[in-house]
Amino acid sequence: MDYDKKYIRFWLRRELPTIDKILVAVNEDPSLPNFKRTTLYSTIKKLDFVFEKRKRCSVLTEREDLIVWHRNYLYNIRKYRQEGRQIYYLDETWLNAGDCVDRVWKDNTVLSKHDAFNKGLTTGATNPTGKGKRLILLHIGSDKGFLPGGLLCFESKKNSPDYHDEMNGNNFKEWFEAILPRLEPNAIIVMDNAPYHSVKLEKYPSTCWNKAQLSEWLQSKGVVLDRPFLKHELMAKVREIPRNKSYAIDKIAEEAGHTVLRLPPYHCEFNPIELAWAMVKGYAKRENTTFKMDDVRQLLHTAIERVTSENWQNFIKHVIGEEDKIWKVDDIMDEVIDQMEHCVLTITGETDSDYE
């Protein structure tokens, strides 16, 4: 759903987004379902937007940590581009043997993920729309096109509606290690935060560990256990030790001379491979007449070959436009909220100490 786009448009107009304004905008959009106010409010909260109290005003914003995350991402991706480093984007998707479309469209009409969704070509749905067996796909590409030899394609073995369930840390790591030598030196690798992308270097203790395991782990960290401890006491000591937030994939990339950059949550529009997948799946769906897995595999390879470097450059250009839009919204939001707070303090004669 494109609630975030409604939110962005209000800020671009320097207009404070409220639940009532967003409700009207959403219900006026024919591509979105109609909502009751309470349902929309609940949905917005699930997307990690918050109504943040600013002095006497309530403003709809993203969570502070998510704002910081996407701001850092935008700063870093801009810096890497200015440095001339090659940037690769990876992502997973799926393709059903029974996928097809009942209309024809041109590849160059897909301008965004939302546009692809409206044409029945969404790359991000958790529930496959077609029937039959399913292929799980993983690939990586850059402004030079899909990376030759970078495709991982295998048939689904599970009945889970979420294709992410087919992947795990081990098979992703094996694929990742295989493609690293194919990348240009000192490359940037953009990926999302799927669990199999984010396996920690060190397993952190949990309450399911027994006392012996907890004691051994604590002692490996230099903690002296000079008397018998209850499990609750051991867990309390565990929580005193800073977590190692390093990821195994990041270390593997670093050792090969590359840098991993993780996409901020809820911002798949920053990944141009989403548009590349829309083009691939659009071709496969249009040409699928047998609904046989072997034929769909062949269509897939043909579809990938049809995505040119020019296509990728256009996708990346579109993504840069989305990045610039969010950067501008952040600046506007910061300025408007700051002015709003200053206005409240000036009118009321209050000071910041009144709120401490």
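The model is predicted. Strand S3 (residues 87-96) has ten of its ten residues buried, so the strand is largely enclosed by the rest of the structure. The largest nonpolar core holds 36 residues, and a second, separate core holds 23.

**Nonpolar cores**

- Within the largest nonpolar core, of 36 residues, the members that touch the most other members are Tyr73, Tyr89, Phe146, Val190, Val280, Val307 and Trp312.
- At least two residues of this core are supplied by each of helix H4 (64-82), S3, S4, S7, helix H10 (273-287), helix H11 (293-306) and helix H12 (309-348), and the largest share, eight residues, comes from H10.
- When residues up to four places away in sequence are not counted, Phe146 touches His139, Ile140, Gly141, Ile273, Ala276, Val280, Ile304, Val307 and Trp312.
- The second core, of 23 residues, is separate, and among its members are Ile136, Ile179, Ala187 and Ile252.

- Helix H8 (residues 231-240) has Leu234, Met235 and Val238 as buried residues; seen down the axis of H8, the buried residues fall within an arc of 100°, so they line one face of the helix.
- An α-helix has 3.6 residues a turn, so residues three or four places apart point the same way.
- The face of H8 that is turned away from the buried side carries the exposed residues His232, Arg239 and Glu240.
- Helix H7 (211-220) is included in what covers the buried residues of H8, and the contact between the two helices brings Lys211, Leu214, Ser215, Trp217 and Leu218 of H7 together with Lys231, Leu234, Met235, Lys237 and Val238 of H8.
- Two packed helices are described by the angle between their axes and the distance between the axes.
- The axes of H7 and H8 come within 10 Å and cross at roughly 30°, and H7 passes H8 in a left-handed crossing.

**Loop residues with positive phi**

- Most residues other than glycine have a negative phi.
- Asn186, which is not a glycine, has a positive phi of about 55°; this residue lies in the loop between helix H6 (169-179) and S7, where Asn186 is partly exposed, with a relative accessible area of 40%.
- Phe291, also a residue other than glycine, has a positive phi near 60°; its place is in the loop between H10 and H11, and Phe291 is partly exposed, with a relative accessible area of 41%.

How values were computed: Residues are numbered from 1 along each chain as its sequence is written. This is a predicted model: local features need pLDDT of at least 70, side-chain atom pairs count only at pLDDT 80 or more; totals for chains, interfaces and linings use all residues. Side-chain values use heavy atoms; hydrogens and water are left out. Buried means under 20% relative accessible area, exposed over 50%, partly exposed in between (1.4 Å probe, protein chains only). Helices (H or I, at least four residues) and strands (E, at least two) are DSSP runs, numbered from the N terminus. The arc is that of the directions from the helix axis to the C-beta atoms. Contact means heavy atoms within 4.5 Å. A nonpolar core is a set of buried Ala, Val, Leu, Ile, Met, Phe, Trp, Tyr and Cys residues joined through side-chain atoms within 4.5 Å. Axes are lines fitted to C-alpha atoms, for helices over the stretch in contact, and angles run from 0 to 180 degrees between N-to-C directions. A crossing is left-handed if the near helix is turned anticlockwise from the far one by less than a right angle, and right-handed if clockwise.
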